[in-house]
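Please read this briefing alongside the sequence and the structure. It goes through a few topics in turn.

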Amino acid sequence: MRVLVAGGAGYIGSVVTAALLADGHEVTVLDDLSTGHADAVPSGATLAEVSLHDSAPVLADVRPEAVLHFAARSLVGVSQQQPEDYWSTNVGGSLALLEAMRAADCRRIVFSSTAATYGEPDQVPIREDAPTRPTNTYGASKLAVDHMLTSYAVAHGFAAVSLRYFNVAGAAFGLGERHATETHLIPLALQVAAGQRESLTVFGRDYPTPDGTCIRDYVHVEDLSDAHLLALPAPSAGEHRIYNLGNGTGFSVQQVVDAAREVTGHPIPTTDGPRRAGDPAQLVASSDRIRADLGWAPRHTDLVGIVRDAWGVARTR
Ligand code: UDP
């Protein structure tokens, strides 16, 4: 298939680009490199350095049969301080991309949505029919695009899938997380092990969980990539499917720190800090729907293995 990957210079987009190329697809990456890296775009893909807002000429030229859309602002904290950037890039940019697709007669899309669309859950594991009550602008902006896709499917015959990621981690094809502003737990812990920062702050030890630290569902980027390749051909015209992607097991912040200590052999000193605003105690996915519909099954469910893969790439920097 001839595909366009919006945001293919970022962490997840670059891994999926590599997987698409390995599968024999022809890939054009559209990325403005505002947070991505040109050298993360796998060789074999063509890079168009263009923003979502200006994507129409690229779509008209490439004429893709499908789009995978990873391009977004994704920092929860910043989304509360600079909401305009989140509404403009995530919502305005996505609207421009969908309109560019329509103009180029391309109606198949896989979209990177997020567990942040659910907000504070009433129940875990979280299923796709759980209420969507995002607690920050980032989650709200992603939810807006999910709604946009539903209406484009109904009105314009789009075949769309939203994949709601939980905590993506690990590395594949030599590509890992590389954010200028790192906020995620696993890469931060590994930065301490690599001597790039002094210690890690644990945000809250007074949560109602067995060890008092927050529980999250860490899904390996390679399993996530598999899900994209399965999702791409799945929906028919007029259909918008939503799937959660997590490995189905929760791990606490303390368990992540312990795994990072085991993998790196570094003591990774921690300090105890207050809770981070808006952090639910426990976020774990039910991925039963994508398992049943598409036969997806995560292959890397072991936390130490996920951290080891992340470390394998992080230590080379
Ligand atoms: N966390 C932490 N210290 C940090 C970064 C994160 O204790 O320096 C915790 C955070 O409170 C959350 C978990 O680690 O409970 C995962 O956070 P992350 O930012 O990696 O992902 P999120 O769950 O926010 O998507």
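What follows covers the ligand and its shell, then aromatic rings, one aspartate, and some backbone features.

This is a predicted model, in which local features need pLDDT of at least 70, side-chain atom pairs count only at pLDDT 80 or more, and totals for chains, interfaces and linings use all residues. Residues are numbered from 1 along each chain as its sequence is written, and side-chain values use heavy atoms, with hydrogens and water left out.

**The shell around the ligand**

- There are 15 residues around the ligand, and Leu185, Thr201, Arg216, Arg276 and Asp279 come nearest; a residue is near a molecule if one of its heavy atoms lies within 4 Å of it.
- By type, the shell holds eight nonpolar, four polar and three charged residues. Here Ala, Val, Leu, Ile, Met, Phe, Trp, Tyr, Cys and Pro count as nonpolar, Asp, Glu, Lys and Arg as charged, and the others, Gly among them, as polar.
- Helix H6 (185-193) and strand E8 (200-203) each give at least two residues to the shell. Helices (H or I, at least four residues) and strands (E, at least two) are DSSP runs, numbered from the N terminus.
- E8 supplies the largest share of the shell, with four residues.

**Polar atoms facing the ligand**

- A backbone N or O atom of threonine 201 is 2.7 Å from a nitrogen atom of the ligand.
- A polar backbone atom of phenylalanine 203 lies 2.9 Å from an oxygen atom of the ligand.
- From the side chain of arginine 276, a polar atom lies 2.7 Å from an oxygen atom of the ligand.
- The protein buries 88% of the 510 Å² that the ligand exposes when taken alone. Accessible areas come from the Shrake-Rupley method with a 1.4 Å probe; for residues, only the protein chains shown count as cover.

**Aromatic rings**

- The count comes to one aromatic pair. Rings of Phe, Tyr and Trp (its six-membered ring) pair if their centres lie within 6.5 Å; planes under 30 degrees apart count as stacked, over 60 as edge-to-face and the rest as tilted.
- The pair is tyrosine 152 with phenylalanine 158, edge-to-face, at 5.3 Å centre to centre and 80° between the planes.
- Tyrosine 152 counts as buried because its relative accessible area is 9%, and phenylalanine 158 is buried at 0%. Buried means under 20% relative accessible area, exposed over 50%, partly exposed in between (1.4 Å probe, protein chains only).
- Arginine 275 lies over the face of tyrosine 207, 4.0 Å from the ring centre. A charge sits over a ring if NZ of Lys or CZ of Arg is within 6 Å of the ring centre and within 35 degrees of the ring normal.

**Aspartate 146**

- Aspartate 146 is in helix H5 (residues 137-156) and is buried, at 2% relative accessibility.
- Its side chain makes polar contacts with the side chains of serine 162, at 2.7 Å, and arginine 164, at 2.8 Å. A polar contact is a pair of N or O atoms within 3.5 Å; within protein, one must be able to donate a hydrogen and the other to accept it, and residues adjacent in sequence count only if both atoms are side-chain atoms.

**Backbone features**

- The peptide bond from valine 124 to proline 125 is cis, with omega near -5°. Proline 125 is in the loop between strand E5 (108-114) and H5.
- Arginine 63, a residue other than glycine, has a positive phi near 55°. Arginine 63 is in the loop between helix H2 (56-62) and strand E4 (66-69), and is partly exposed at 41%.
- Aspartate 105 has a positive phi near 55°. Aspartate 105 is in the loop between helix H4 (83-103) and E5, and is exposed at 55%.
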